[in-house]
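Q: Could you take a close look with me at one part of this model? I would like to go through a single interface in some detail.

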Amino acid sequence: MLELRGISRYFGGLAALKDVSIKVEKGEFVGLIGPNGSGKTTLFNIISGVLKPSSGRVLYMGRDITGLNPNKICHLGIARTFQIPRPFKNLSVIENVMLGVLFGNFEQFVPYSEENVKQEALKYLNFVGLRVDESTMPDELTAVGLRRLELARALATRPALLLADEVLSGLNKEELAEASSILKRIRDEMGITIIWVEHIIGALMNLVERVIVLDYGEVIADGSPTEVSKDERVIEAYLGEES
Amino acid sequence: MKSPWVKKLFLLLILVLLVIFPAASPSPYLVHIMTLIFIWAYISTAWAYMGRFGLVSLGHGAFLGIGAYVTALLFNYFNLSPWIGMLIGASSAAFLAAVLGYACFRFGVIGDYFALVTLAVGELVALSIIALRDTTGGSLGFTIRNLGNAPLYFQFSNKVYFYYLSFLFLVFALYLWVRIDKSKMQKALRAIGEDEIAASSVGINIIKYKMTITIISAFLTGIGGVLYAQYITYLNPHTLSGVEVSLAIPFKAILGGMFDMWGPTIGTAMIVSLEEYIRVSYGTKFIGISEVAYGIALIVLIIFLPKGLYGTLKEMKIFKNERRRQYGCNKRKEVILRGR
Ligand SMILES: Nc1ncnc2c1ncn2[C@@H]1O[C@H](COP(=O)(O)OP(=O)(O)OP(=O)(O)O)[C@@H](O)[C@H]1O
Ligand SMILES: [Mg+2]
């Protein structure tokens with residue numbers, strides 16, 4: 001479904017990604033981990049079209065999508081959440097999600113009637129467990145609520161592939177379990193392929209079927225959670241960070 | 001307003017008053033002032049189509065000038081009726097807007113940089129008009145050939161026709177504002193105005209929508225230039241393009257409040273009246289300082305009163321209810337759904 005071929009990205013002299021090649025199949029639930037600054041968000045930015053790679057290709061459903069505008073990529077069925085939530089602050093929470101419904105992937109076209117679109121938006125808000133009324137504004141939400149809004153807005157674009165960037169941070173134990181179950185349901189019930197970046201590795205390892213580890217912009221491991229957690233380079237990368 | 005019903009009645013009353021105004025007016029001078037208000041309100045409303053979404057153009061003089069000059073030149077040299085010429089003039093303005101817009105939006109020129117680029121373009125058009133003095137009359141401007149009363153050629157010996165005509169144009173611009181507000185485009189532009197990256201990530205085609213609103217705004221502004229030129233029957237690069245008008249237009253809109261459909265009209269009414277008052281009381285003493293005054297006033301406004309006078313007043317009224325609602329019973333609205 002998604003294939004990255006030799007993606008590199010430089011910021012000035014700094015190499016945020018070095019020759020990253022990854023393949024993700026339809027229906028997979030993939031975890032993407034790595035220490036701070038290892039290039040996870042940069043990779044998402046490149047897949048979603050926010051950044052252009054310095055070199056390398058992004059293929060999606062057999063099509064070269066490298067360098068397409070984010071809106072085009074969204075229409076092809078790739079949605080992403082932002083690590084630092086970016087709600088439209090002057091729009092109500094519902095309107096935020098309505099934008100996703102209105103402008104997202106046209107494959108499952110929703111006829112434009114204010115009421116239809118709103119109902120559709122509420123459906124996604126419900127799904128992520130965010131209860132709001134008509135007038136709730138994003139700044140009335142907690143940090144946790146904002147992450148859910150990110151997720152709802154991304155889902156509203158009706159993606160086939162979801163790039164979820166740290167949807168769990170700032171949650172307590174109880175919320176953690178619940179939020180991870182939402183991700184699982186997105187894959188199982190909606191049939192959406194997921195690449196999930198998360199710092200809370202424990203929660204991630206429990207859920208995903210495959211883990212990719214980035215370190216200094218390079219893929220250092222790619223395999224099942226059990227394999228990866230035994231990998232020496234991974235342990236080293238993380239121990240290096242912990243100490 | 002209390003209710004839609006009261007509001008509609010109020011609007012109807014104003015409409016009736018404005019329609020009978022020329023007949024009831026004690027002097028044609030007041031009708032003239034009102035005509036000027038309509039024309040400039042129409043133009044600054046067209047400007048605010050963009051301005052309210054964060055596309056602050058300081059170069060609308062370019063569109064005004066192109067619309068007016070193309071139309072008037074086609075008439076003077078080729079005898080083309082301004083009714084037709086105006087479509088060509090406004091289309092030329094829209095074409096310039098498309099080129100300028102694409103260049104800016106493609107390369108992510110936004111905010112202050114967009115304002116600066118447009119400011120330069122406005123001045124560039126004024127300088128071009130001056131440079132082409134053999135055809136345009138340069139700085140001295142030129143007069144539209146007078147045909148006396150020739151409605152087919154957009155000339156009326158009775159100026160009251162211009163009063164009604166510009167009133168219609170203003171009503172149209174306000175109507176279009178409402179239509180835009182109900183459209184998908186308005187939602188897209190609001191999102192774009194706030195955060196382009198987030199907007200494009202939910203599938204909004206930034207360039208398309210910004211281009212569309214820019215072209216609409218420029219086209220209407222070009223028509224506004226024709227309206228003004230036909231009314232005054234004289235074209236001058238300094239009053240129709242260049243820095244002064246390019247700043248005066250946003251100033252009117254921002255003073256009234258560019259986020260509200262009535263804001264630009266209210267701002268224009270205030271400024272045009274004030275300008276006339278100053279002109280009548282102090283003569284021409286102040287000519288030339290207005291550019292400086294506009295520049296300074298614009299900066300002060302943007303910093304201290306970004307929503308304009310009318311916008312701010314309206315907000316204060318709303319805010320009282322809002323606060324009660326926010327801190328009333330349901331303070332925390334977000335409830336996280338557990339399990340299921
Ligand atoms: N727009 C940018 N300009 C310059 N440098 C950048 C930019 N974006 C990221 N970087 C740099 O690239 C590197 C990778 O950053 P990135 O945000 O992708 O890491 P990350 O894995 O998402 O980290 P974190 O876990 O902290 O979110 C960092 O060194 C960062 O400083
Ligand atoms: Mg990151």
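What is the area buried between domain 1 of chain A and domain 2 of chain A, and what percentage of that area do carbon and sulfur atoms give?

A: Happy to! This is a predicted model, where local features need pLDDT of at least 70, side-chain atom pairs count only at pLDDT 80 or more, and totals for chains, interfaces and linings use all residues. Residues are numbered from 1 along each chain as its sequence is written, chains are lettered from A, and side-chain values use heavy atoms, with hydrogens and water left out.

About 1500 Å² is buried between domain 1 of chain A and domain 2 of chain A, with 65% of it from carbon and sulfur atoms; buried area here is the accessible area (1.4 Å probe) that two parts lose on being put together, summed over both. A:Phe29, A:Phe44 and A:Tyr60 supply 41% of what domain 1 of chain A buries against domain 2 of chain A, more than any other three residues.

As for the bounds, domain 1 covers 1-68 and domain 2 covers 74-194 of chain A, taken from an automatic or database domain assignment. Their C-alpha centres lie 23 Å apart. The contact (heavy atoms within 4.5 Å) takes 20 residues from domain 1 of chain A and 16 residues from domain 2 of chain A.

Across this interface, the rule finds zero salt bridges (a side-chain nitrogen of Lys or Arg within 4 Å of a carboxyl oxygen of Asp or Glu). Helix 1 of chain A gives the most to the side of domain 1 of chain A that touches domain 2 of chain A, with four residues; helices are DSSP runs of H or I with at least four residues, numbered from the N terminus.

Methods. Helix = DSSP H or I, 4+ residues; strand = E, 2+ residues; numbered from the N terminus.
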